[in-house]
Amino acid sequence: MQTNFLVLGIESSCDETGVALVQAHAGARVPTLLAHALHSQIEMHQAYGGVVPELASRDHIRRVLPLTEAVLAESGRALSEVDVVAYTRGPGLAGALLVGAGVACALGAALDRPVLGVHHLEGHLLSPFLSADPPEFPFVALLVSGGHTQLMRVDGVGRYAILGETIDDAAGEAFDKSAKLMGLGYPGGPALSRLAEQGDPAAFKLPRPLLHSGNLDFSFAGLKTAVMTQAKKLGGDLEARKADLAASTQAAIVEVLVKKSLAALKETGLRRIVVAGGVGANRLLRAQLDAACSRLGVRVHYPELHLCTDNGAMIALAAAMRLQSGQQQANRDYAFDVKPRWPLDAIAPGSAAAV
Ligand code: KG4
Ligand code: ZN
């Protein structure tokens, strides 16, 4: 792979269609984002209280090419200048993934350019490299998205070791399900955290699952049940106490995430942590982690706020960094597949599951 190259990235794993153009430079540690465009399907799914997979796939089909045109127009580049077409290969909704993969491989074949399937979580994990303050390897990563909650040791591109993960619900799911119970709609995380700002985080005693488990695993299913029990107990008073319940729920989730992150730093001896995924946008999480890490002299890195949730930039970036690091070659095999379930450590070099 030449050292200067342009990557077009397409993300379509769930309810956001994202397209971006990233430039990799010879000699530069981090590629640059030339343009990106996003269409969120939130409004469309809101009526159903959650993502409807078939509607998601159809909407990705409608959006992906206009978004690609917008990205090319904004960057002033022509489609023919694209060197590699990257797409999210998994994990995610099968039908939604197939749209991005199909379009990327069709573009690659038409342009006679190689394609590269990217792991969605690797995109999240590397997204802080597009921030004004990019991290350096090695670091601990706290990956908190709608479907995943993992602590990882990251030694380089593709060198990921899972230190702990959720044994049931993800942190984002805990936000979303609790918000749904409180009638806050979808996606619940941002709505719950907004309401929490007006509430008392100590109003309700909610469990901090696995806080003292002695390992780095998480469990959030019990918290959701506790929120449900509390909401039922409040009955007609729920409306008046909703902000307090939201604040107490958020405090429980954030406390577990922060304490386990600190334990991971202690266990690995690393002095740097990267937070990525949708829940990384949470203000309380950022404030508490920043405060704890500054006391310890540990550096914390986040993606830019608008790149915390799903987007095409992180997919183009992850592809560019994989190619630059020699971890992977782009290929001209346009017979694509997608991987709706795909553990992140399966892409580590030497992993039996690596493909
Ligand atoms: O990473 P992401 O966009 O999608 C997945 O790959 O899953 O994460 C979406 C998750 C949702 O659960 C959403 O509720 C949560 O991130 N989220 C938040 C906030 N913004 C998004 N959770 C808490 N506070 C926020 N500000
Ligand atoms: Zn995501």
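**Cis bonds, aromatic pairs and a helix crossing**

Tutor: Pro138 is found in the loop between helix H4 (120–126) and strand E6 (139–144); helices (H or I, at least four residues) and strands (E, at least two) are DSSP runs numbered from the N terminus. This is a predicted model, in which local features need pLDDT of at least 70 and side-chain atom pairs count only at pLDDT 80 or more, while totals for chains, interfaces and linings use all residues. Residues are numbered from 1 along each chain as its sequence is written, chains are lettered from A and ligands numbered from 1 in the order in which they are written, and side-chain values use heavy atoms, with hydrogens and water left out.

Student: What is the omega of the peptide bond from Phe137 to Pro138?

Tutor: Omega is near -5° there, and the bond is cis. Gly90 and Pro91 are also joined by a cis peptide bond, with omega about -15°. Pro91 lies in the loop between strand E4 (84–90) and helix H3 (94–111). Most peptide bonds are trans, and most residues other than glycine have a negative phi.

Student: Which phi value does Asp112 have?

Tutor: Asp112, although not a glycine, has a positive phi of about 60°; this residue is found in the loop between H3 and strand E5 (115–119). Leu210, likewise not a glycine, has a positive phi of about 60° and lies in the loop between H6 and helix H7 (221–234).

Student: Why does Leu210 count as partly exposed?

Tutor: Its relative accessibility is 30%. Buried means under 20% relative accessible area, exposed over 50%, and partly exposed in between (1.4 Å probe, protein chains only), so Leu210 belongs to the partly exposed class.

Student: How many aromatic pairs does the structure hold, and why is the pair of Phe137 and Phe139 called stacked?

Tutor: There are four aromatic pairs. Rings of Phe, Tyr and Trp (its six-membered ring) pair if their centres lie within 6.5 Å; planes under 30 degrees apart count as stacked, over 60 as edge-to-face and the rest as tilted. The ring centres of Phe137 and Phe139 are 5.4 Å apart and their planes stand at 15°, so this pair is stacked. Phe137, at 30% relative accessibility, counts as partly exposed, whereas Phe139, at 0%, counts as buried. Phe218 and Phe220 also form a stacked pair, 6.1 Å centre to centre with 15° between the planes. Phe218 counts as buried at 0% relative accessibility, and Phe220 counts as buried at 0%. Phe129, Phe137 and Phe139 form one aromatic cluster.

Student: What makes H5 and H6 roughly perpendicular?

Tutor: The axes of H5 (residues 171–181) and H6 (residues 188–196) come within 8 Å and cross at roughly 70°. Axes are lines fitted to C-alpha atoms, for helices over the stretch in contact, and angles run from 0 to 180 degrees between N-to-C directions. Angles under 35 degrees count as roughly parallel, over 145 as roughly antiparallel, 65 to 115 as roughly perpendicular and the rest as oblique; H5 and H6 are therefore roughly perpendicular to each other. The contact (heavy atoms within 4.5 Å) is made by Phe175, Asp176, Ser178 and Ala179 of H5 and by Gly188, Gly189 and Leu192 of H6.

Student: How do you know that Asn282 is buried?

Tutor: Its relative accessibility is 6%, so Asn282 counts as buried. Leaving aside neighbours within four places in sequence, Asn282 is in contact with Phe175, Ser193, Gln250 and Val254.
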